[in-house]
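Here is a short briefing to read alongside the structure. Have the viewer open and follow along as each topic comes up.

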Amino acid sequence: MEGSLIQIDRLRKCYDTLVAVDNVTFDVRDGEIFGLLGPNGAGKTTTINMICGVLQPDEGRVLVDDRNIWIEPKAVKQTLGVVPQEIAVYEDLTARDNLNFWGSLYGLRGAELGSRIDETLSRVGLAERARDKVKTFSGGMKRRLNLCMGLLHRPKFLLLDEPTVGIDPQARLNILEVIHEVAATGTTVLYTTHYMDEAEQLCDRIAIMDRGQILAIGTQDELTKRAGEAEVLRLTGSFDDQALRDRLSAVPGTRVLRMDSGSAVLSIERDGPGLLHVLPRVLEGDFDVEDVSIQRPNLQSVFIALTGRELRD
Amino acid sequence: MSILAILRRDLNRYRRNPIRTAMLFALPLVMAAIFALVFGGGGADEISIRVLLWDEDNSLLSMLVQGAAGSEESEQRLEIVPVGKEGLAMMDDGAASALVHIPVGFTRDFLAGEVTTVELVKNPSERYLPLVIEEGVGLGAAVLSTASTVFRSELETIGTLMGSRGFPSDAAVGGLGSDINSRLRGLEGFLFPPAITLESVDLAAPAEDEARPITVLSYFLPGLAVMGTLFLAQSATRDILRDREAGLLRHLLTAPVSPGEYLVGKCLSVLLITSVGFAVLILIGVAAGVTWGPPVAVGVLMLATAVACSGTLLLIMSLVGSERQGDALTTIVIIAWSMLGGAFVPLEQMPAFVRPLSASTLVFWSIDAFNTLIHHGGGLGDIVVNLAVLSATGLTFLIAGALVLGLRIRQGTL
């Protein structure tokens, strides 16, 4: 596809009977930040592992800059920077030792390597801790060092697999800022996350992934439109499933996304009669409603509309 | 270049963790020190047997024993400590290898030809030295019993003379001397010359090499050094599983590094670390007075042993599922091989049924070669078979381990 740095074509990966990634197709355009949004176990990491050549797909193809990573692994890997979900650093070495080793794998040497290390550590705010062993770092500092290792050789294409998991808000903000800066220099970024706000804040385009499949791809606006510009109404209390469905069936543009004994999630088209018609019908019924909340269209509501489940489920 | 980078990284990790690195060498050194202490310090010449002598008879016999212990040679080997009843408490405290108790009336009964007893109390916490003392006391009892039979009448005369008041008359002493002399002349044909003479030849120290110092450490340090090298190889190969479990291996393979390069780099670092480790242990042995043998032969044997240790551990680590499994399995193999191979107990002291098993361990082939160099004055030509077994098996294991790991990396199961 023209203008696409990465082309993922019908990728499939199975572990015994479990289909981890099923017929995944998307492309990442040159210079964009592309988000892969989905809950844990959606298949994001498996997809990333296949893109960066760690895991061979059962079916399908990955092209990076029109080159197949399984045919030209070294040439392709030289252009990739990968920040894995695990904190993959040597804790018994210093930050500088780690980066020295990592840089040498990409052919960086001597003064150039030294200046790149200084520059990258400064960028993530770790310059003063360069000579400290990583085991003395906090979780957030280790994450930032993890990010450094992906940036050191100035890759053309940066893959980040949930790089902010388990860190404090300040460290998270720092990482997101750095990614913005890197993308501004023309680096193409593929970013996986299960945090909806990160995807909204960071990504130019987003693919929503669940249970090994891509459910939708587009910009945030495109996705919310695709979900029908619906508002999500969340009711907490106790409901008779069938009675509530019967009561709402007469209201056009209203859909029950999920219902159990303690809660109900409804999708209400903005073009239809709207909340003013739905709420009275619910409250007039013989239901014990304890709490009502309304959610404007966002990626969460898109995910709910597509899967019937919350992103965190 | 990636191979060298991986090698440099591994060496850097040892450099950055001096305590961890020192700990790897500590085990064989501590064990060697314990062996040296148990067996009386650094040299065989310093081994001394401490015996408590509780003589309630104040007898001629005990004076003879103490007199014998006072000879120049015995002074270095045997320490006789006269004690009273408190000797039993001292034995409870492990103050000596054994206590010899001579009861009241021992000399009187012996001279009278009556059956009498010498009591021996052994220290249960020592294995060999009390047995040596038991053998010695048993031999002495046999000699005295024989003398009691052969010189019965003369001994009775001595008993009578000792029991009489005042000094015995010249005639009585002269008569006794004459009787003993006559008895000995009668025995001369039976006792002299002896039909069999004992000639002791130390094969480990041929006549032209008598100056070679043989120390206790020289018996134990080779085995313990081999065991220490196995533990070094365990630590170095364990890093592969640790890399995998921490996600480092997966991350590494996202860089322009092939699984083959990673494994070659790891194998080289394992080989280098085990070789350097072994060399350090050998140098410590030299400092402690161990004469290892011809340097070239020792160097080649050291490398062959390092290859064998590295290959064995890499193969085991390549087959296990996790670091914990690898740790458990390799520790069992190292201890079992070290025991069977003769690292703790010399092969000749093992039960007969165990000895054939020894040859199935690489530890045996290494220790056997070191024994040839250290104790038999051998050279490179004398250990060719050992070198071939160690190198061929080690390289086969190393290649097999690397192939299994490579396959597992490609299949995504590592």
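In strand β8(A), A:Thr188, A:Leu190 and A:Thr192 point one way, while A:Val189, A:Tyr191 and A:Thr193 point the other way, and all are buried. Please keep in mind that this is a predicted model.

- β8(A) is mostly covered, with six of its six residues buried.
- In a regular strand, side chains alternate between the two faces of the sheet.
- Strand β3 (residues 33-37) of chain A runs parallel to β8(A), and five bridges join them.
- Within β8(A), A:Leu190 has A:Phe34 standing opposite.
- β7(A) also pairs with β8(A) in the parallel sense, over five bridges.
- Here A:Leu159 is the residue that stands opposite A:Leu190 of β8(A).
- Going from β7(A) to β8(A), the chain passes through α6(A), and this β-α-β crossover is right-handed.

**Helix α6(A)**

- Which residues of α6(A) are buried? They are A:Ala171, A:Asn174, A:Ile175, A:Ile179 and A:Val182.
- Viewed down the axis of α6(A), the buried residues fall within an arc of 135°, so they line one face of the helix.
- An α-helix has 3.6 residues a turn, so residues three or four places apart point the same way.
- On the face of α6(A) turned away from the buried side sit the exposed residues A:Pro169, A:Gln170, A:Leu173, A:Glu177, A:Glu181 and A:Ala184.
- The cover over the buried residues of α6(A) includes α5 (139-151), β7 (157-161), β8 (188-193) and α7 (196-202) of chain A.
- After α6(A) comes A:Gly186, with a positive phi near 105°.

**Nonpolar cores**

- The largest nonpolar core has 161 residues, and the members that touch the most others are A:Cys148, A:Leu159, A:Tyr191, B:Leu301 and B:Leu314.
- Helix α10 (residues 216-245) of chain B gives this core its largest share, 15 residues.
- There is also a second, separate core of 18 residues, which includes B:Ala98, B:Leu99, B:Val100 and B:Phe106.
- What does A:Leu159 touch, leaving out residues up to four places away in sequence? The list is A:Ile48, A:Ile51, A:Cys52, A:Leu80, A:Val82, A:Val83 and A:Leu190.
- In soluble globular proteins, nonpolar side chains tend to be buried together.

**The two chains**

- Chain A has 11 helices and 14 strands, and 42% of its 313 residues count as buried.
- Taking the contacts in chain A with a separation of 6 or more, 69% are between residues 24 or more positions apart.
- Chain B has 17 helices and four strands, and buried residues make up 35% of its 414 residues.
- For chain B, 78% of contacts between residues at least 6 apart in sequence join residues at least 24 apart.

**Where the chains touch**

- Chain A brings 22 residues to the contact and chain B brings 19 residues.
- On the side of chain A that touches chain B, the elements giving two or more residues are α2 (73-79), β6 (80-83) and α3 (95-105) of chain A.
- The largest share of that side, four residues, comes from α3(A).

Methods: Residues are numbered from 1 along each chain as its sequence is written. Chains are lettered from A and ligands numbered from 1 in the order in which they are written. This is a predicted model: local features need pLDDT of at least 70, side-chain atom pairs count only at pLDDT 80 or more; totals for chains, interfaces and linings use all residues. A nonpolar core is a set of buried Ala, Val, Leu, Ile, Met, Phe, Trp, Tyr and Cys residues joined through C-beta atoms within 7 Å. A residue is buried if 20 or more other C-beta atoms lie within 10 Å of its own, exposed if 12 or fewer, and partly exposed in between; C-beta atoms are placed from the backbone. Two residues are in contact if their C-beta atoms, placed from the backbone, lie within 7 Å. The arc is that of the directions from the helix axis to the C-beta atoms. Two strands pair if DSSP finds at least two bridges between them. A crossover is right-handed if, with the strands pointing away from the viewer, the path from the first strand over the helix to the second runs clockwise.
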